[in-house]
Amino acid sequence: IELTPLVAAKATFPSQTVGDHECLKEIPFSGHHKADFASLIAKCGTPTGMLEYTKPAEGRLHAKHDKRDEFKPKAQKGMCYRYFAVADDGIKDIDIIILRKGALMAMDKTDHPVAVIESEKLWCVDEDMDLQFNIEVDGPGAGGYTFGVWTRPNAKKK
């Protein structure tokens, strides 16, 4: 599934009011992917100085019948990203796996219904890239999920 970027090259980004790692603390999760994604974005989207890079994608996964969905957003040179996936409580562990030309670039390492690539820092790129994102259920379970991409310029490249 192709994801179309929404952010123009000369976009105006909001001021950062919370740290990239601190935003992940004390977020109440209800077990409903749409509400939980909204709670996550309310803390870790605009408050971290980011803009929505693509419209969020929603889907359903099943450990035996439909284990993975693939998305193909492009990453732009000089930008930093946050990739979020949030599942219903029927999925105990959702993963994000990033591939480039079949090679593993990054993956979520948590065992949780919420996955964030690079929870400690942003994921920044030095060149334009075509990437593949696999959103997967790890282990048993089934349910809905939301996957979203947020971005801001790489402050170290200015």
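A pocket is an open set of points, on a 1 Å grid over the protein atoms alone where a 1.4 Å probe fits, with protein on both sides within 12 Å along at least five of seven lines. Lining residues have an atom within 4 Å of a point. Grid points are joined across faces, edges and corners, and a volume is the space filled by probe spheres set on the points.

This is a predicted model: local features need pLDDT of at least 70, side-chain atom pairs count only at pLDDT 80 or more, and totals for chains, interfaces and linings use all residues. Residues are numbered from 1 along each chain as its sequence is written, and side-chain values use heavy atoms, with hydrogens and water left out.

**Pockets**

The largest pocket has a volume of about 340 Å³. Its lining has 18 residues. Leu 24, Asp 108, Thr 110, Val 116 and Ser 119 lie nearest the centre. Strands β6 (103–107) and β7 (114–116) each give two or more residues to this lining. Strands here are DSSP runs of E, at least two residues, and helices are runs of H or I, at least four, numbered from the N terminus. By class, the lining divides into 11 nonpolar, 3 polar and 4 charged residues. Ala, Val, Leu, Ile, Met, Phe, Trp, Tyr, Cys and Pro count as nonpolar, Asp, Glu, Lys and Arg as charged, and the others, Gly among them, as polar.

The second largest pocket has a volume of about 230 Å³. Its lining includes Asp 20, Cys 80, Trp 123, Cys 124 and Arg 152. Here β8 (123–124) and β11 (142–153) give two or more residues. The classes are 6 nonpolar, 1 polar and 5 charged.

**Disulfides**

The structure holds 2 disulfides, each a pair of cysteine sulfur atoms within 2.5 Å. In sequence order, the bonded cysteines pair 1-2, 3-4.

| Disulfide | S to S |
|---|---|
| Cys 23 to Cys 44 | 2.1 Å |
| Cys 80 to Cys 124 | 1.9 Å |

The torsion about the S-S bond of Cys 23 and Cys 44 is about 110 degrees, so this disulfide is right-handed. Cys 23 sits in the loop between β1 (2–3) and α1 (33–44), and Cys 44 in helix α1, so the pair ties together parts 21 residues apart in sequence. Cys 23 is buried at 2% relative accessible area, and Cys 44 is buried at 0%. Buried means under 20%, exposed over 50%, and partly exposed in between (1.4 Å probe, protein chains only).

The link of Cys 80 and Cys 124 is also right-handed, with 100 degrees about the S-S bond. Cys 80 lies in strand β4 (79–87) and Cys 124 in strand β8, so the pair ties together parts 44 residues apart in sequence. Cys 80 is buried at 3%, whereas Cys 124 is partly exposed at 35%.
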